[in-house]
Amino acid sequence: MLGFADSDTLVWQRRSYASGRATSELLLWNVLENRLERSHAFVSPWSEVCLGSVGESPVVVASSGSGVLEVWDLPEGRKRGTIQLPATGLWTNRLCVEGSTLAFCLNRANAGAPAPTLELWDLQTLQQVSSFPVEDYCYSLAISRDGRWLAAHSRPWITIWDVLAASQP
């Protein structure tokens, strides 16, 4: 993960592997002063991490690997809350944030699991906004800057939804 928390602070996830142990931390780098501002070790080395915002406050969303997405305020590193995922043979991937909207895909963990879906959540309230069915594994997601469009790349196509109308154009 690499992104700007604000106009002068770069955030990235650094993973390290030493002595058979994996570690991970988020580093906040002040670009103007060319120095490390902070680091946070609250992220699992296996987490998918995404940077977003709630109002003017930057947040990080990280998958914990245990059926929970954790939302953290930056730069303080204070846990804002969690999003509990269904425990029905689904696993999450492809986190995407635009503004305070989080999108992620719930993919099948096995053949008997429910069909995959795309979930949209509000990071301010930590509530689900909507859900869209997908037919296959999701490789990547994108939300338009105005929050109107959601695009998902599944093989071999890209599907686009009008989030405001809750339909495909």
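Rings of Phe, Tyr and Trp, the last by its six-membered ring, form an aromatic pair if their centres lie within 6.5 Å. The views below are close-ups of a predicted model.

**View 1. Trp 12 and Trp 29 form a tilted aromatic pair.**
A search of the whole structure finds two aromatic pairs. In the pair shown here, Trp 12 and Trp 29 lie 6.4 Å apart, centre to centre. Their planes make an angle of 50°. An angle under 30 degrees would count as stacked and one over 60 as edge-to-face, so this pair is classed as tilted. Trp 12 belongs to strand β2 (residues 9-18), and Trp 29 to strand β3. The pair therefore ties together parts that are 17 residues apart in sequence. Trp 12 is partly exposed, at 24% relative accessible area. Trp 29 is partly exposed too, at 26%.

**View 2. Phe 132 and Trp 161 pair between strands β12 and β15.**
The ring centres of Phe 132 and Trp 161 are 5.4 Å apart. The planes stand at 35°, so this pair is tilted. Phe 132 sits in strand β12, and Trp 161 in strand β15 (residues 157-162). The contact thus ties together parts that are 29 residues apart in sequence. Phe 132 has a relative accessible area of 4% and is buried. Trp 161 is buried as well, at 5%. Both values fall under the 20% cut-off for a buried residue.

**View 3. Strands β11 and β12 pair in the antiparallel sense.**
Six bridges join β11 and β12. Leu 118 has Phe 132 of β12 as its bridge partner. Phe 132 is also a member of the aromatic pair with Trp 161. Five of the six residues of β11 are buried, so this strand is largely enclosed by the rest of the structure.

**View 4. Leu 126 takes a positive phi in the hairpin of β11 and β12.**
The hairpin has four residues between its strands. Leu 126 is found in this loop, between β11 (117-122) and β12 (127-133). Its phi is near 55°, a positive value in a residue other than glycine. Most residues other than glycine have a negative phi. Leu 126 counts as buried, with 16% relative accessibility.

**View 5. Asn 34 has a positive phi in the loop between β3 and β4.**
The phi of Asn 34 is about 50°, although this residue is not a glycine. The loop joins β3 (21-30) to β4 (35-40). Is Asn 34 buried or exposed? Asn 34 is exposed, because its relative accessible area of 56% is over the 50% cut-off.

**View 6. Four strands form an open antiparallel sheet.**
The strand order is β5-β6-β7-β8. Which strands lie at the edges? The edge strands are β5 (49-54) and β8 (78-84), each of which pairs on one side only. Neighbouring strands of this sheet are turned by 25° against each other on average, direction ignored.

Leu 69 has Ile 83 as its bridge partner in β8. In a regular strand, side chains alternate between the two faces of the sheet.

Key
Residues are numbered from 1 along each chain as its sequence is written. This is a predicted model: local features need pLDDT of at least 70, side-chain atom pairs count only at pLDDT 80 or more; totals for chains, interfaces and linings use all residues. Side-chain values use heavy atoms; hydrogens and water are left out. Helices (H or I, at least four residues) and strands (E, at least two) are DSSP runs, numbered from the N terminus. Buried means under 20% relative accessible area, exposed over 50%, partly exposed in between (1.4 Å probe, protein chains only). Two strands pair if DSSP finds at least two bridges between them. Axes are lines fitted to C-alpha atoms, for helices over the stretch in contact, and angles run from 0 to 180 degrees between N-to-C directions.
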